[in-house]
Amino acid sequence: MIKITDLEKYYRTEEVQTVALNKLSFEVKTGEFVAVMGPSGCGKSTLLNILGLLDDPDGGSFLFNGVEVADYNERKRANLRKHNIGFVFQSFNLIDELTVFENVELPLIYTGVKPGDRKIRVEEVLEKMQIMHRRNHFPQQLSGGQQQRVAVARAVVNHPKLILADEPTGNLDSSNGNEVMDLLTDLNDQGTTIIMVTHSEHDAKYSHRIIRMLDGQKVTENVL
Ligand SMILES: Nc1ncnc2c1ncn2[C@@H]1O[C@H](COP(=O)(O)OP(=O)(O)OP(=O)(O)O)[C@@H](O)[C@H]1O
Ligand SMILES: [Mg+2]
């Protein structure tokens, strides 16, 4: 599903240039559950943003289902993204002005799902994430754990083929965290490909393979 080769990303500020990804290469097959680990600043979020078509690389190749997308412009990226990818961000990235229901509904609006069907699908996923009773609340009125459950609900409501999760349990207590990991495992069992960034060895054990990074490069890869 994904094949990156010598992927590069630089950030330039006035004084310094940071190499966020330094010729990074790996492959992820359809149906896999892969964990990405490594110290703070090693490029994990940068990688996920590029894999999620939110950002473009400065060099290298990125094949998505066999198609080269490294040079896609924003419009083409957005189009591919909305039909294929669900994103759980490190910070929840919920829209403050929208209710829980409306936040989760958004991806379905983008892909043209009709209002009646939207209601059924949003309620189904809110039920599953045990956040239905907060459907009319705004994000600021929720705890961190509740916000993350809404963020996961939003990522999965469109039944994406690929879920990218950036520390999905980072702000959760262990019981809420395990719930999120169980949900990701269920989705993976149903065929969804998952790439998850985590600092937690416990969470990484839910995956099939761990890719460890340092300074924008891959250092090891181990199959569990
Ligand atoms: N928008 C930006 N402008 C400049 N530098 C950036 C930007 N985003 C990231 N960086 C730099 O790129 C490097 C990689 O950042 P990234 O966010 O990918 O790290 P990370 O592995 O996700 O870290 P963490 O575990 O703390 O989330 C860091 O050195 C960071 O300072
Ligand atoms: Mg990060």
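**Note on the predicted model**

1. The protein chain holds seven helices and 10 strands. Its radius of gyration is 17 Å, close to the 17 Å that the globule rule gives for 224 residues, so the chain is as compact as a globular protein of that length. Bear in mind that this is a predicted model.

2. On overall dimensions, the C-alpha atoms fill a box of roughly 45 × 40 × 40 Å along the principal axes.

3. The UniProt record, an unreviewed entry, places the feature "domain: ABC transporter" at residues 2-224. In the model, that span is 35% helix and 28% strand. Its end C-alpha atoms lie 20 Å apart.

4. Now the packing. Of the 224 residues in the protein chain, 50% are buried. Take the contacts between residues at least 6 apart in sequence: 68% of them join residues at least 24 apart.

5. Next, the surface and the charges. The protein chain exposes about 10600 Å². Carbon and sulfur atoms supply 48% of that area. The chain carries 25 positive and 31 negative charges.

6. Leaving aside residues up to four places away in sequence, Thr99 touches Arg135, Asn136, His137 and Phe138.

Methods
Residues are numbered from 1 along each chain as its sequence is written. Chains are lettered from A and ligands numbered from 1 in the order in which they are written. This is a predicted model: local features need pLDDT of at least 70, side-chain atom pairs count only at pLDDT 80 or more; totals for chains, interfaces and linings use all residues. Side-chain values use heavy atoms; hydrogens and water are left out. UniProt positions are given in the numbering used here, feature names are shortened, and annotations may be inferred rather than shown by experiment. Helices (H or I, at least four residues) and strands (E, at least two) are DSSP runs, numbered from the N terminus. The radius of gyration is taken over C-alpha atoms; the globule rule is 2.2 Å times the number of residues to the power 0.38. Buried means under 20% relative accessible area, exposed over 50%, partly exposed in between (1.4 Å probe, protein chains only). Contact means heavy atoms within 4.5 Å. Accessible areas come from the Shrake-Rupley method with a 1.4 Å probe; for residues, only the protein chains shown count as cover. Lys and Arg count as positive and Asp and Glu as negative; His and the chain ends are not counted. The place of a charge is taken as NZ of Lys, CZ of Arg, CG of Asp or CD of Glu.
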